[in-house]
Amino acid sequence: MQDDHQPTPPVAAGPTPTPRPLVPSLPEVFRSIAVPGGAKFWRKLAAFSGPGYLVAVGYMDPGNWATDLAGGSQFGYTLLSVILLSNVMAILLQSLAAKLGIVTGRDLAQACRDSYSRPVGIMLWALCELAIVACDLAEVIGTAIALQLLFGLPLVWGICLTAFDVLLILLLQQRGFRLLEAFIVTLLVVIAGCFIYELFLSRPELSAVMAGFVPQTAILTNPAMLYIAIGIIGATVMPHNLYLHSSIVQTRAFDTDTRGKREAVLFATIDSTIALMLALFINAAILILAASAFHVGGQTQVAEIQDAYQLLSPTLGAAAASTLFAVALLASGQNSTVTATLAGQIVMEGFLHVRLRPWVRRLITRLLAIVPAVAVALIYGEQGTARLLVLSQVVLSMQLPFAVIPLVSFTSNREKMGDFANPTWLKIAAWTIAAIIVGLNVKLLLSVAGIW
């Protein structure tokens, strides 16, 4: 028997803890997808599958393309280890986000609002909004570049045209959350198929690829390499995805007793892990393609998506190579708009308890990204937008600690999580990841300032 009413979780001690009634996250789709009771493992996994792929979209958006292309063309396969490390971090952190949502019935934004004072909550909200705008900026630029490459549309026009993708998102949301998930998975398959073909043409050296997954000290000592490495982490482990995942796992109508929650945590973790392994393949494929097609041939300055598009077909000797590259980019940009839309809604409702119509919320976020993108495109042209794309990912990385630290703290808190609180080994792993993220960001700031 399903129970849609969950008790309000106890609130952890904080500066000004205020008990609040439990308000469902994304109420329009809350517990809208049935979970078959007594079904076999694979049927239940199928019922829980979906949220992980929405989350995985954010790990392969156009911002990833910029950092992966720059890393592969400049440094060959060296930064594959950073992609692997980022993905391991993402798998662990997203599993914690899913557990928080399932066990407490709160998404990460709601949990922060319950536990912290209002000034702290507003600060965290502002930082998360900045991260969402940075992510949306990458989607705007990536989609505009794809439209330019495929149809010759001027970059500024393409940027402005992205304001209308809100209509697509609204149409899908109105027809049910499962259709939204199916749309996402379809585009992911298109992206993966395009890169499988590209890798087949580029024929990378397998031994060099495997060596690239081994970390090297040069990543920390070389400022240029470190800048791109932190951009990769920012593009891979995305702060707003932690808020998103903790919410959308609650679309499943699982049993709310201890056994039901434990089962839901297991299946949600499997779902996100499988989806993020697909993200690992695509991110690695972009960097491997750049390394094998450009770096090996001495073209070490291919950091812009437009340059990669122009060079792929003549370098690989296949006319379809450039076209498929642009098709994958367009699919990636459109896919990523979904996560920014939902995350923006979750963050605003959770932190501020302010609910806007989805199209209004989407339009606000998109306009905040369009204005700087248009300005840079008009003043600096294509080269400026490419630099802005990489910078947006570094900005994302700088926001990570403000999402990761609360998440690890909440899921390690026995008052909030009960028997689901992180065991010692998981606490150590999670806090180690948080320390690595903070440490890399400090190192970047000191490097930029010329101190270290």
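Accessible areas were computed by the Shrake-Rupley method with a 1.4 Å probe. On this basis the chain exposes about 17,400 Å². Carbon and sulfur atoms supply 69% of that area. The model is predicted.

The chain has 452 residues, of which 59% are buried. Its secondary structure comprises 20 helices and two strands.

One helix pair was examined in detail. Two packed helices are described by the angle between their axes and the distance between the axes. Helix α9 covers residues 177-202, and helix α14 covers residues 258-295. The two pack at an angle of about 35 degrees, with their axes 10 Å apart. Their crossing is left-handed. From α9, the contact is made by L188, I191, A192, F195, I196, E198, L199 and S202. From α14, the contributing residues are L278, F281, I282, A285, I286, I288, L289 and S292. Of the residues in this contact, 13 are nonpolar, two are polar and one is charged.

Helix α14 also holds A290. This residue counts as buried because its relative accessibility is 0%, and the cut-off for buried is under 20%. Leaving aside residues up to four places away in sequence, A290 touches D68, L69, G72, S73 and H295. Y77 lies 213 residues from A290 along the chain, yet their C-alpha atoms are separated by 8.9 Å.

How values were computed
Residues are numbered from 1 along each chain as its sequence is written. This is a predicted model: local features need pLDDT of at least 70, side-chain atom pairs count only at pLDDT 80 or more; totals for chains, interfaces and linings use all residues. Side-chain values use heavy atoms; hydrogens and water are left out. Helices (H or I, at least four residues) and strands (E, at least two) are DSSP runs, numbered from the N terminus. Buried means under 20% relative accessible area, exposed over 50%, partly exposed in between (1.4 Å probe, protein chains only). Contact means heavy atoms within 4.5 Å. Axes are lines fitted to C-alpha atoms, for helices over the stretch in contact, and angles run from 0 to 180 degrees between N-to-C directions. A crossing is left-handed if the near helix is turned anticlockwise from the far one by less than a right angle, and right-handed if clockwise. Ala, Val, Leu, Ile, Met, Phe, Trp, Tyr, Cys and Pro count as nonpolar, Asp, Glu, Lys and Arg as charged, and the others, Gly among them, as polar.
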